[in-house]
Every structure is written in C-alpha cells, then in structure tokens.
Amino acid sequence: VQQAMSLLSPKLRAILALRYLEDMSYDELAATLGLSLGTVKSRLARAHLALEHLVRTKFPQLDLGVAAPDSAAGGVA
C-alpha cells in the first residue's frame with residue numbers, strides 16, 4: 001500500500017495520510033487543508049479510487065478482499 005500511495009499525486013497522498021495515519025476527522029481535514037467539507041469528501045473518494053486502481057494494476061498479486069468493480073453483483077455480463 002505504501003508503494004502504491006507513493007505513486008499518487010501529492011494532494012491525494014496527503015489527504016489519505018492525514019485521514020488514516022493521523023486519524024483526522026473530515027472536519028479536521030477541512031481545517032488543516034483549508035478546504036470545504038465537500039471538497040474533503042470528494043478528494044477522499046478520488047484518492048480511494050486511485051489507490052485501489054494502482055493496487056489492482058501495479059500489485060495484482062495482492063488480495064484486496066473486495067470484488068472488482070466490473071464483477072459487482074447486478075452488473076451486466
């Protein structure tokens with residue numbers, strides 16, 4: 001995960017590190033980064049997706065324990 005995080009943009013890497021390594025709340029992230037709460041939420045969502053994509057493509061040997069988006073239940077085959 002650390003290797004994948006190092007490949008993220010600085011903005012995405014920073015918000016993930018502050019959220020999960022520093023255990024900051026969304027409100028604390030907004031105040032620390034000078035962002036609106038909506039921007040914090042959307043940036044975290046983008047960071048999660050980007051990190052998942054990197055892990056799946058660069059480190060396919062890792063088992064993420066979740067289904068790939070294209071194999072989700074109810075998807076079109």
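This is a predicted model: local features need pLDDT of at least 70, side-chain atom pairs count only at pLDDT 80 or more; totals for chains, interfaces and linings use all residues.
**Entry 1: confidence.** I then looked up the average for the protein, which is a pLDDT of 87, with 81% of the residues scoring at least 70. Turning to the named elements, I noted that confidence is lowest in α1, at a mean of 91, and highest in α3, at 98.

**Entry 2: packing of α2 and α4.** I next examined how helix α2 (residues 10-21) sits against helix α4 (residues 37-58). Their axes lie 9 Å apart and the packing angle is about 100°. The two helices are therefore roughly perpendicular to each other, since angles of 65 to 115 degrees fall in that class. On the α2 side I listed Lys11, Leu12, Ile15, Leu16, Arg19 and Tyr20 as making the contact. On the α4 side I listed Val40, Arg43, Leu44, Arg46, Ala47, His48, Ala50 and Leu51. I sorted the residues of this contact into nine nonpolar, one polar and four charged.

**Entry 3: the nonpolar core.** Which residues touch the most other members of the largest nonpolar core? I found Leu8, Leu16, Leu29 and Leu51, out of 17 residues in that core. Helices α1 (2-6), α2, α3 (26-33) and α4 each supply at least two residues, and α4 gives the most, with six.

**Entry 4: Leu51.** Setting aside neighbours within four places in sequence, I recorded its contacts with Val1, Ala4, Met5, Leu8 and Leu16. Leu8 and Leu16 were already in my notes as core residues that touch the most other members.

Conventions:
Residues are numbered from 1 along each chain as its sequence is written. Side-chain values use heavy atoms; hydrogens and water are left out. Axes are lines fitted to C-alpha atoms, for helices over the stretch in contact, and angles run from 0 to 180 degrees between N-to-C directions. Helices (H or I, at least four residues) and strands (E, at least two) are DSSP runs, numbered from the N terminus. Angles under 35 degrees count as roughly parallel, over 145 as roughly antiparallel, 65 to 115 as roughly perpendicular and the rest as oblique. Contact means heavy atoms within 4.5 Å. Ala, Val, Leu, Ile, Met, Phe, Trp, Tyr, Cys and Pro count as nonpolar, Asp, Glu, Lys and Arg as charged, and the others, Gly among them, as polar. A nonpolar core is a set of buried Ala, Val, Leu, Ile, Met, Phe, Trp, Tyr and Cys residues joined through side-chain atoms within 4.5 Å. Buried means under 20% relative accessible area, exposed over 50%, partly exposed in between (1.4 Å probe, protein chains only). pLDDT is the predictor's confidence in each residue, from 0 to 100.
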